[in-house]
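Welcome! Below you will find a structure to explore, followed by a short tour of some of its features.

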Amino acid sequence: MNTQILVNAQVHESRIAILEDGKLVELIVERPDQRRMVGNIYKGKVERVLPGIQAAFIDIGTEKRAFLHVSDVAGYDPYADAEFEDDETGGKRHRKRFVPDIRKEVKTGEEILVQITKEPMGTKGPRCSTELSLPGRYLVYIPGQSHFGVSRKIKSRKERGRIRSIIKKIKPEDAGLIGRSACEGKSEDDLRRDLEYLIKDSQDIKKKAEVLDTPVLLYRDQGMIAAMVRDLFTSDMKEFILDSQPEYDKIREYSKKTVPNLVDRIKLYKNNTPIFDAFDVETQISNMLKRKIWIKKGSSIVIDNTEALTAIDVNSGKNIGKGKSYEDTLLQVNLAAAEEIARQLRLRDLGGIIAIDFIDMELEENRKKLQNTFEEAMAEDRARFKILPINDFGMIMMTRQRVRQSVIERISDPCPTCGGIGMVFSPVTVIAKLERWLMRASAEAKKKRFLVITHPLVAGELTAEGNERMHELENFYHVRLECFPDPTVDPDEFFVLDADSGESLTDEFAS
């Protein structure tokens, strides 16, 4: 697979595009007012402890307080001090889980170190943990812990055993250590060098925490572009192209320390055509914003979002197959949709609960093939996810890790007219609302001459065919109406004034 990383650095925005065989699979956007917080370490103060939800709010010096759940407290063991009780079915003894108590873990006014694990979303502040971790190129360093392990993404049991033995050998007594997938094939010296950098960062954080007043930021995770080198830039990556000389110089210097054998793959883009235009990325970003995505031969998928759930519908559309059975046609549509859905989940960075409504198929072997194809397509996703087996309705339910807003949420705002639902009232519906207003006004208002200000589409409906609708309303409610179109009025709103005094009457007789 031909994989590329493209970086477009602008004055007010930086964008990273990850392409696989020319197809955009991930888009990361960073702005000065939206700098990512995940990975940052703060010295904060416990502001409130809420035993009712087993959580605390931590003042970290940002606009929104950080949320700390009891399960995110370092060293927390839900079975600590647990009793043993008999198992009625087999006579075995097991530990009885106790209800956790956040009050035993943190106290109001206490100063603690926390690390952000989830970005703020909507009205919610960031989520944090007291278990700190520092990611390096090959290792993750966890101060104050003792466990060690190796990334599950390394499939070879022999290689996992080799890395585990190295980590066990070099691991400090006062810290945990995890081998990342990038450490596959690396020597003990490579891992030791990475560990030295991480220990130095940990010592710097500790020194700052001892002298700086609360609340304060102690450690900021590497910038978005440097993080791409640390997390993604491997021998599988064909090239890393940047259109900014300062960023290019910075990344080359960083890469010389971390991946010296890959420095020659870092390139500076110098053409006059914008980099995202040259690689056809802008067009793919525009398509990403659409609700409906066309796939093969007239079939499509439709993606709808709510706050906690994403619903994806697969439609065969005009795809009727050619000389194949109906079942086989449905299978081909579903397989193509499965691959595109996996790409869209990564591209849009959708998280939470995801319900995918594939076209129902009768044969069990086709269902299994669809399940396997979707799981294989999701294998490249860096986010954690869980996929349930396809159910009797042809649906796949899954969850995907959500640590920040989706890309679309970060680069757009809800429509001020429709409020984000994607629809407004039709002109006829607005006229029906106006009629209900007139029903109340005709019974209570002393004056009967009104000036109605509406969107031009509504005004056009009111005055069509010689003001027919206007005359019907006037005759039925015994009023006189004048209509003025105003393009600044929302399509599903109207305003009513007293025609003589100009006084606004809209709210007086509103429902």
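## The chain as a whole

The chain exposes about 28,600 Å², and carbon and sulfur atoms supply 50% of that area (accessible areas come from the Shrake-Rupley method with a 1.4 Å probe, and for residues only the protein chains shown count as cover). Please keep in mind that this is a predicted model, in which local features need pLDDT of at least 70 and side-chain atom pairs count only at pLDDT 80 or more, while totals for chains, interfaces and linings use all residues. Residues are numbered from 1 along each chain as its sequence is written, and side-chain values use heavy atoms, with hydrogens and water left out.

The secondary structure comes to 11 helices and 26 strands (DSSP runs numbered from the N terminus: helices are H or I with at least four residues, strands are E with at least two). The chain is more spread out than a compact globule, because its radius of gyration is 30 Å, well over the 24 Å that the globule rule gives for 511 residues (the radius is taken over C-alpha atoms, and the rule is 2.2 Å times the number of residues to the power 0.38). Along the principal axes, the C-alpha trace spans about 90 × 70 × 70 Å. Buried residues make up 44% of the 511 residues (buried means under 20% relative accessible area, exposed over 50%, partly exposed in between, with a 1.4 Å probe and protein chains only).

Strand β5 (residues 55-59) and β6 pair in the antiparallel sense over four bridges (two strands pair if DSSP finds at least two bridges between them). A55 has H69 in β6 as its bridge partner. The two strands form a hairpin with six residues between them, and G61 in the turn has a positive phi of about 90 degrees.

In a regular strand the side chains alternate between the two faces of the sheet.

Let us move on to an open sheet of six strands, with mixed pairing and the order β18-β19-β20-β21-β23-β22. Its edge strands are β18 (292-294) and β22 (385-387), each pairing on one side only. The twist averages 20 degrees from one strand to the next (axes are lines fitted to C-alpha atoms, for helices over the stretch in contact, and angles run from 0 to 180 degrees between N-to-C directions).

β22 and strand β23 (residues 395-400) run antiparallel and are joined by three bridges; here F385 stands opposite R400 in β23. Helix α7 (residues 326-348) packs on the sheet, touching β18, β19 (300-305), β20 (309-315), β21 (352-357) and β23 (contact means heavy atoms within 4.5 Å). The direction of α7 makes about 150 degrees with that of β20. Helix α8 (residues 364-378) also packs on the sheet, touching β21, β22 and β23, and its direction makes about 175 degrees with that of β22.

## Aromatic pairs

How many aromatic pairs does the structure hold? There are five (rings of Phe, Tyr and Trp, its six-membered ring, pair if their centres lie within 6.5 Å; planes under 30 degrees apart count as stacked, over 60 as edge-to-face and the rest as tilted). One of them is the edge-to-face pair of W437 and F450, at 5.4 Å centre to centre and 85 degrees between the planes. W437 is buried at 1% relative accessibility, and F450 is buried with a relative accessible area of 1%. Together with F509, W437 and F450 form one aromatic cluster.
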